[in-house]
Amino acid sequence: MLEIKNLHVQLEEEDKQILKGVNLTVEAGKVHAIMGPNGSGKSTLSYVLSGKDGYEVTEGSATLDGADILEMEPEERAAAGVFLAFQYPVEIPGVGNMTFLRTAVNSQRKARGEEEMSATEFLKVIRAKAKDLKIDADMLKRPVNVGFSGGEKKRNEILQMAMLEPKMCILDETDSGLDVDAMKLVADGVNALRDEGRGFLVITHYQRLLDHIKPDVVHIMADGRIIKTGGPELALEVENNGYADLLAEAV
Amino acid sequence: MALPQIKQDATDARLAALDMPKGGWAQAAREDALARVQAMGLPNARDEYWKYTRPDTLVQPDAPKAALLESDEALIFGAVDRLKIVFVDGVFSADESDDLAMAHVSIDRLADAPDIHWAKDVYGVLETRGQTPVHRPLATLNTAFASDGLLIHVTGKAPKPISLIYRHESEVSDAILHHVVKIDSGAELTLLENGPAAARFNKCMEVEIAGGGTFHHVRAQGRDHERRAATAIFTRLGEESVFKSFTLTANGVLTRNECVIELTGDNAVAHIAGACVGDGDFHHDDTVFITHDALNCESRQVFKKVLRNGATGVFQGKILVKEGAQKTDGYQISQSLLLDEDSQFLAKPELEIYADDVACSHGSTSGAIDEEGLFYLRSRGIDEGPATDLLTIAFLAEAVMEIENEALQDEINSRVEAWLSRRRG
């Protein structure tokens with residue numbers, strides 16, 4: 001589904017290479033985790049895939065079901081099925097959460113040439129999905145992420161993911177700032193979306209999120225490259241021994 | 001002291017073009033105002049208080065021509081249950097207005113009020129108080145020459161808002177309106193205003209709020225692109241009274257909204273907010289002067305301006321905390337969202353504090369659309385245009401949310417949305 005080949009990326013404003021040849025394939029129905037030390041390029045990878053400004057791809061490619069996503073605007077990637085759950089969701093005062101989500105859902109549908117969702121249908125769907133994530137009516141009405149706690153913001157990201165039903169979900173340190181209960185709730189939300197047609201790329205520092213979202217494949221990223229790929233046991237190895245051994249091995 | 005010749009000539013020319021309505025209880029106040037405006041002279045570009053806004057087209061004898069807007073967009077506040085009062089080019093239109101009658105409220109026309117009238121104690125009185133320390137000659141001119149307006153006395157909680165609708169039918173109309181509002185102790189009124197009024201509009205409103213009284217004001221100055229307006233609100237607040245005023249301005253080649261607030265009773269609250277959206281030949285000036293002269297009063301100024309295609313926004317806001325006005329809580333923010341590099345925002349925030357136990361904060365910023373927010377919205381599938389609009393609404397939110405009534409907030413937001421989406425084509 002998602003195929004990243006030899007991806008080289010540098011910051012636009014300074015001549016600094018961040019990704020130095022990433023190769024990664026996420027198959028439909030699979031959960032891939034990326035772990036790695038700070039500054040290894042994990043978040044950059046998520047931003048480059050979702051189309052944030054400020055990065056320049058100097059070499060390589062990224063395709064979703066064969067379509068070159070690097071050529072697309074962020075909203076086109078979203079309509080094609082890419083979703084990024086942000087590490088730091090942005091607050092948007094004055095814009096109700098529901099209004100925002102309905103605009104997003106219908107923009108994507110319109111872009112794909114599908115019929116827009118009516119207000120009634122939307123309300124029905126969102127209420128059911130919000131309930132599963134313990135998001136109350138008040139949170140749906142409030143301005144996007146304004147005054148939300150860390151946990152509420154992350155749950156709101158998962159709610160957006162559930163409503164938009166993307167093909168390829170990228171979760172950027174979704175566990176950061178969450179207590180154990182909140183992490184469980186978020187993980188349950190993600191697990192509920194696991195599906196044969198959907199791929200996941202879960203970026204995290206810690207093994208603990210992967211206790212709840214069981215990955216099929218674990219990658220270790222360091223200095224802009226994937227240095228090791230393995231099964232879930234690789235995450236446990238990191239948890240027990242840290243990154244030092246793996247990094248030494250890679251050199 | 002004699003006026004500079006150029007100012008004297010401009011003032012004489014303007015006054016010569018006007019006729020003072022004669023007779024009635026307001027005569028003395030009008031003559032006093034005429035003497036005052038002759039002494040101070042009308043503003044010109046050399047006046048410090050008009051440094052950022054050229055007053056010449058507001059002062060010249062005839063109103064510059066302003067084309068009428070052709071639009072099929074319905075007028076704002078249409079869904080609100082209200083008492084409608086219509087002015088066409090600055091003249092009251094009985095045919096289009098509801099009966100001037102409502103429980104707990106008396107409404108008279110300035111033009112035909114009886115000779116003994118409560119408004120005598122307010123008309124020109126608050127305006128005169130507002131001339132110190134800075135002269136506001138256009139308001140004084142208004143007191144002298146206002147040809148129409150309303151005298152609204154509120155004695156209890158008004159059952160619904162009074163809605164003033166200004167229509168503009170003549171391309172050269174030059175309207176001078178003066179309203180007086182008196183809110184008795186414990187009484188409450190919401191006043192709505194909308195419409196372009198005239199090619200050139202000089203409006204003055206004096207609002208006297210007695211102890212425990214509440215006055216809400218929501219105004220939408222919109223539509224016509226070439227209209228000009230100089231408006232002034234003068235208000236005096238008694239103990240535990242509340243004044244909340246919000247203005248949306250869209251379009252208009254020149255608008256100057258002045259607001260002079262005196263907090264004279266303890267524990268009074270005054271909020272003044274404004275949101276404007278300007279495109280191209282648009283100059284919008286908010287000038288505010290708040291005097292804290294009592295204990296434990298709160299004032300808030302929240303002004304947000306969205307500017308594009310060379311539009312100009314101005315903010316001059318001052319908080320004066322007098323000696324003895326302890327426990328004052330003053331807040332002032334003025335911000336602009338510049339949608340391109342041709343637009344400009346000029347801000348002059350001022351604080352002058354003579355009491356030692358007060359909290360006053362002020363801030364002023366200019367910025368572009370938040371890139372993080374834009375990426376967030378686009379990453380959810382929202383196109384760049386609508387995403388920018390949503391962030392623009394978000395930018396204005398702090399000002400719009402100063403309106404307490406949520407339905408009125410929605411009315412304002414939907415106008416801004418329509419204005420923005422028209423510009424996306």
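# Close-ups of a predicted two-chain model

**View 1. Chain A, inside and out.** Of the 251 residues in chain A, 53% count as buried (buried means under 20% relative accessible area, exposed over 50% and partly exposed in between, with a 1.4 Å probe and protein chains only). This is a predicted model, where local features need pLDDT of at least 70 and side-chain atom pairs count only at pLDDT 80 or more, while totals for chains, interfaces and linings use all residues. Residues are numbered from 1 along each chain as its sequence is written, chains are lettered from A and ligands numbered from 1 in the order in which they are written, and side-chain values use heavy atoms, leaving out hydrogens and water.

**View 2. The overall build of chain A.** Chain A holds 10 helices and 12 strands (these are DSSP runs numbered from the N terminus: helices are H or I with at least four residues, strands are E with at least two). Its C-alpha trace spans about 55 × 40 × 35 Å along the principal axes. A compact globule of 251 residues would have a radius of gyration near 18 Å, and chain A agrees, because it has 18 Å (taken over C-alpha atoms; the globule rule is 2.2 Å times the number of residues to the power 0.38).

**View 3. B:Asn194 in its strand.** Look for B:Asn194 in strand β8 of chain B, residues 188–194. It counts as buried because its relative accessibility is 2%. Leaving aside residues up to four places away in sequence, B:Asn194 touches several others, including B:Leu75, B:Phe77, B:Tyr166 and B:Ala220 (contact means heavy atoms within 4.5 Å).

**View 4. A cis peptide bond at B:Pro133.** Going from B:Thr132 to B:Pro133, the peptide bond is cis, with omega near 0°. B:Pro133 sits in the chain B loop between α4 (125–129) and α5 (137–145).

View 5. B:Ala197 is not a glycine, yet its phi is positive, near 70°. You'll find B:Ala197 in the loop between β8 and β9 (200–209) of chain B. With 1% relative accessibility, B:Ala197 counts as buried.

**View 6. B:Asn296, a positive phi in another loop.** B:Asn296 isn't a glycine either, but has a positive phi of about 60°. This residue's loop runs between β15 (283–292) and β16 (298–308) of chain B. B:Asn296 is partly exposed, since its relative accessible area is 42%.
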